[in-house]
Every structure is written in structure tokens, then in C-alpha cells.
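Q: I have a model open and would like to go through it with you. Could we begin with individual residues and then turn to the chain as a whole?
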Amino acid sequence: MKKFAATGLAVAITTVAALSTGASEAQAKKWYWSPGAAAAGGFVAGAVIGSALAAPRYAPPPAYVEPGPVYYGPPEPWTPAWYEYCSSKYRTFNPETGYYFYRPGRARFCQ
């Protein structure tokens, strides 16, 4: 949209510059400018707007999003990994019942 607006502005400036060059000699002397100055101004304005439109547009580099941490909980009960986990974590683990003693006389299921 901006490109079309800038192009329209450049066309309008060029048209005004072309029409103003047709001014009579008396009008040019009255305002202290010559038709060549208007044409030069239009050329400069067109060059500036044209170079602005032709400038390359660079997209920002894609943002790197670091993946979140992966948490591994204890394995599902009654699997071989669960037996290994509970046996290595609790010395009082009983593989037949799945419980371990955390205080004398108090048992808790290994999860």
C-alpha cells in the first residue's frame, strides 16, 4: 500500500513539475525561477522517491526459541524399569509388594 502511495506522489510531483515548466517568461521572472529549475526539482524528487521504493527490504532473522526442558518422572509401576528405579532409590524396597519402608513400621508404595 505504501508503495502505491509513494508512486502516486511521484507521479503527482512529476506532473506538477511538467505543467509548471510551461509558465510564461514573465511569470518565471516574476517569481525568480526558471522552467529548468522546476524540471530539475522534479527530477530530483523523482530520483529520491524512486530510490526509496527500490531499496531492498530485509526481513528480520527468524527468532530462535529454545525448547523447554524435558522432565522424566519415575517409570510406570510393575515395569522392569520401575523395578530397577525403586530398587536403586530405596534400600528397603520389596519387589513383591511394591512398597518400601520410609520409617520403621511405615510403608509407602513406590511411585
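Q: Which residues does Tyr 100 touch, not counting residues up to four places away in sequence?
A: This is a predicted model. In it, Tyr 100 touches Tyr 90, Thr 92, Phe 93, Arg 106, Ala 107, Arg 108, Phe 109 and Cys 110, with residues up to four places away in sequence not counted.
Q: Where does Tyr 100 lie, and is Tyr 100 buried or exposed?
A: Tyr 100 lies in strand E1, which covers residues 99-103. Tyr 100 counts as buried because its relative accessible area is 6%, and the cut-off for buried is under 20%.
Q: What separates the C-alpha atoms of Tyr 100 and Lys 89?
A: They are separated by 9.9 Å, and the two residues are 11 apart along the chain.
Q: Which residues form the largest nonpolar core?
A: That core has 5 residues: Trp 82, Cys 86, Phe 93, Tyr 100 and Cys 110.
Q: And which residues is Phe 93 in contact with, leaving aside its neighbours within four places in sequence?
A: Phe 93 is in contact with Trp 82, Cys 86, Tyr 100 and Cys 110, and also with Tyr 83, Ser 87, Gly 98 and Tyr 99.
Q: Changing topic: what is phi of Trp 78 near?
A: Phi of Trp 78 is near 70°, a positive value in a residue other than glycine. Most residues other than glycine have a negative phi.
Q: Where is the place of Trp 78?
A: Trp 78 is in the loop between helix H3 (35-54) and helix H4 (80-89). With a relative accessible area of 44%, Trp 78 is partly exposed.
Q: Which residues form a nonpolar patch on the surface?
A: Phe 43, Val 44 and Val 48 form such a patch, and together they have about 330 Å² of accessible area. Val 48 lies in helix H3. Val 48 counts as exposed because its relative accessibility is 51%, and exposed means over 50%.
Q: How many helices and strands does the chain have?
A: The chain has 4 helices and 2 strands, in the pattern α-α-α-α-β-β when read along the sequence.
Q: What share of the residues in the chain is buried?
A: Of the 111 residues in the chain, 12% are buried. The accessible surface of the chain is about 9,300 Å², and 65% of that belongs to carbon and sulfur atoms.
Q: Last topic: where is confidence lowest and where is it highest?
A: Confidence is lowest in helix H2 (residues 25-30), with a mean of 59, and highest in strand E2 (residues 106-109), at 94. The chain averages a pLDDT of 79, and 69% of the residues score at least 70.

Notes. Residues numbered from 1 in each chain as written. Predicted model: local features only at pLDDT ≥ 70, side-chain atom pairs only at ≥ 80, totals over all residues. Heavy atoms only, no water. Core = buried A, V, L, I, M, F, W, Y, C linked by side-chain atoms within 4.5 Å. Buried < 20%, exposed > 50% of the residue type's maximum accessible area, 1.4 Å probe, protein only. Contact = heavy atoms within 4.5 Å. Patch = residues over 30% accessible without salt bridge, like charges linked within 9 Å, V, L, I, M, F, W, Y side chains within 5 Å. Areas by Shrake-Rupley, 256 points an atom, 1.4 Å probe, with all protein chains shown as cover. Salt bridge = Lys/Arg side-chain N within 4 Å of Asp/Glu carboxyl O. pLDDT = per-residue confidence, 0-100.
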